[in-house]
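The sequence and structure come first, and the description follows.

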Amino acid sequence: MIATHDDSAEGNIGLAAEKIRAYKPDCKIVYLTKRDGIRRPLSFFFGKAYHMATAGTICMDNVFMPMAYTPISKKAKVIQLWHGTGTIKKFGQDSDVGEVAEISEKGDRRITHLIVNSEKTKRQYAGAFGLPQEKVHILGLPRTDLILDEKRLEEKREAFYQEFPGLQGKKITLYAPTFRDNEVDEPRVRLDFGSLMKVMKEDEVLLLRLHPFVAERISEDEFLKYGGKIQNMSGYSGVTTLLAVADCLITDYSSIIFEYCLLRRPMIFYAYDLAEFQQEGRNFYEDYESLVPGPVVKSQKELEQIWQRKMDLGQEIPRFIDENFAFLDKNAGNRLLELIFE
């Protein structure tokens, strides 16, 4: 199990491992995470590499560069689950350049099964991974099963409020922006929290879920002056739990919308740099403003204007779900088991 993007219990890898353990308890599962590799090179070269070479099945949730060179069995199933359940912006071989593109392409050749949610995603991911259509399988993803399971979501909500009792009964908005590749040297959050506080009601709270590269450069002291109405949850491992407690989502180009839409709750798309992202960033697979299931705002002023009526949004969500999901039956994990053990 190569979980270099999300090694939590709520990621595709963690949920796949849970299914495997329940179905076949004697199956040996070995994890390779971000803590291995560069941070623990001996662990990788003398341990994990051996397990990769002898594994019958390898599941991944990200591009794993060593896959281009590490020996694996010719009989092994190499299953790319990816970490998102869909995509807005271009990625992989549709956007990478130079040495990164060359190494990624070599690693992608090892993939035997690429798992997706829909016919549309199949076409997009086939190009992003440079794979023929017959290697792309519309089975649905384990994360989809989790967010459709209301009983499990309720358990996660209860655990969350036990950990953060001050948020119980609050109207929660989650802000989860995409990381901008051009902000590597100067990562920042493009929100004026002080101004936003003026339009927030007494029972409203804004939670932030930032990319780790951005989050680690923001001091927690920054949020103390907001009296708990704006809280940084970037270090909280359960992304699905944060979605489950959020009454509204604000994002931009993140694939997180493909999970949140299944809750059928409103979304606002704060795309303050849309023109720049199209011209100088990764760009998109489809026209952005036609694709997203919610209003697009391009300034803090527009965001604040729509804030008070955000709970009335969401009319486009059923259309978005129909376009992007072939299955809503909570059986994606079972179909994955059939693929692994057939």
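## Nonpolar cores

Ile257 is in contact with Ile88, Leu249, Thr251, Met267, Phe269, Pro293 and Phe320, leaving aside its neighbours within four places in sequence. The model is a predicted one. Together with Phe160 and Tyr288, Ile257 touches the most other members of the largest nonpolar core, which has 42 residues. The biggest contribution to this core comes from helix H9 (residues 239–245), which gives five residues.

Another core lies apart from the largest one; it has 26 residues, including Phe193, Leu206, Ile250 and Trp307. In soluble globular proteins, nonpolar side chains tend to be buried together.

## Asp252, a buried charged residue

Asp252 sits in the loop between strand S10 (248–251) and helix H10 (257–260). Is Asp252 buried or exposed? Its relative accessibility is 0%, and because buried means under 20%, Asp252 counts as buried.

The side chain of Asp252 makes a polar contact of 2.8 Å with the side chain of Thr178. Not counting residues up to four places away in sequence, Asp252 touches Thr178 along with Ile88, Pro177, Arg180, Phe269, Tyr270 and Tyr288.

## Cavities

Rolling a probe the size of a water molecule over the atoms shows where empty space is left. How many cavities of 30 Å³ or more are there? The count is two.

The largest cavity has a volume of about 100 Å³. It is lined by 13 residues, and those closest to its centre are Pro177, Thr178, Arg180, Arg188 and Val214.

The volume of the second largest cavity is about 40 Å³. Its lining is made by Met60, Asn62, Val63, Phe64, Met67, Gln80, Gly107, Asp108 and Ile111. Five of these lining residues are nonpolar, three are polar and one is charged.

## The second largest pocket

The second largest pocket has a volume of about 440 Å³. Its lining has 21 residues, and Lys28, Ala55, Gly56, Thr57 and Ile58 lie nearest the centre. Helix H2 (41–54), strand S3 (57–60) and helix H15 (332–341) are the elements that give two or more residues to this lining. The largest share, four residues, comes from H2.

Which classes make up the lining of the second largest pocket? The residues divide into 14 nonpolar, four polar and three charged.

## Helix H15

H15, which contributes to the lining of the second largest pocket, has ten residues, of which seven are buried, so this helix is largely enclosed by the rest of the structure. The buried residues are Ala332, Gly333, Arg335, Leu336, Leu337, Leu339 and Ile340.

The cover over the buried residues of H15 includes helix H1 (12–23), S3, strand S4 (77–80), strand S5 (113–116) and helix H5 (142–148). S3 also gives residues to the lining of the second largest pocket.

## Loop residues

Arg264 is in the loop between H10 and strand S11 (267–270). Its phi is near 55°, a positive value in a residue other than glycine. Arg264 has 52% relative accessibility, and because exposed means over 50%, Arg264 counts as exposed.

Lys330 also has a positive phi, of about 60°, although it is not a glycine. Lys330 lies in the loop between helix H14 (317–324) and H15. With 41% relative accessibility, Lys330 counts as partly exposed.

Glu316 is placed in the loop between helix H13 (300–307) and H14. Its relative accessible area is 39%, so Glu316 is partly exposed. Glu316 and Glu150 are 166 residues apart along the chain, and their C-alpha atoms are separated by 22 Å.

Methods: Residues numbered from 1 in each chain as written. Predicted model: local features only at pLDDT ≥ 70, side-chain atom pairs only at ≥ 80, totals over all residues. Heavy atoms only, no water. 1 Å grid on protein atoms, 1.4 Å probe; cavity = no way out; pocket = protein on both sides within 12 Å on 5 of 7 lines; lining within 4 Å. Points joined across faces, edges and corners; volume = space filled by probe spheres on them. Nonpolar A, V, L, I, M, F, W, Y, C, P; charged D, E, K, R; others polar. Buried < 20%, exposed > 50% of the residue type's maximum accessible area, 1.4 Å probe, protein only. Polar contact = N/O pair within 3.5 Å; in protein donor to acceptor, adjacent residues only side chain to side chain. Contact = heavy atoms within 4.5 Å. Core = buried A, V, L, I, M, F, W, Y, C linked by side-chain atoms within 4.5 Å.
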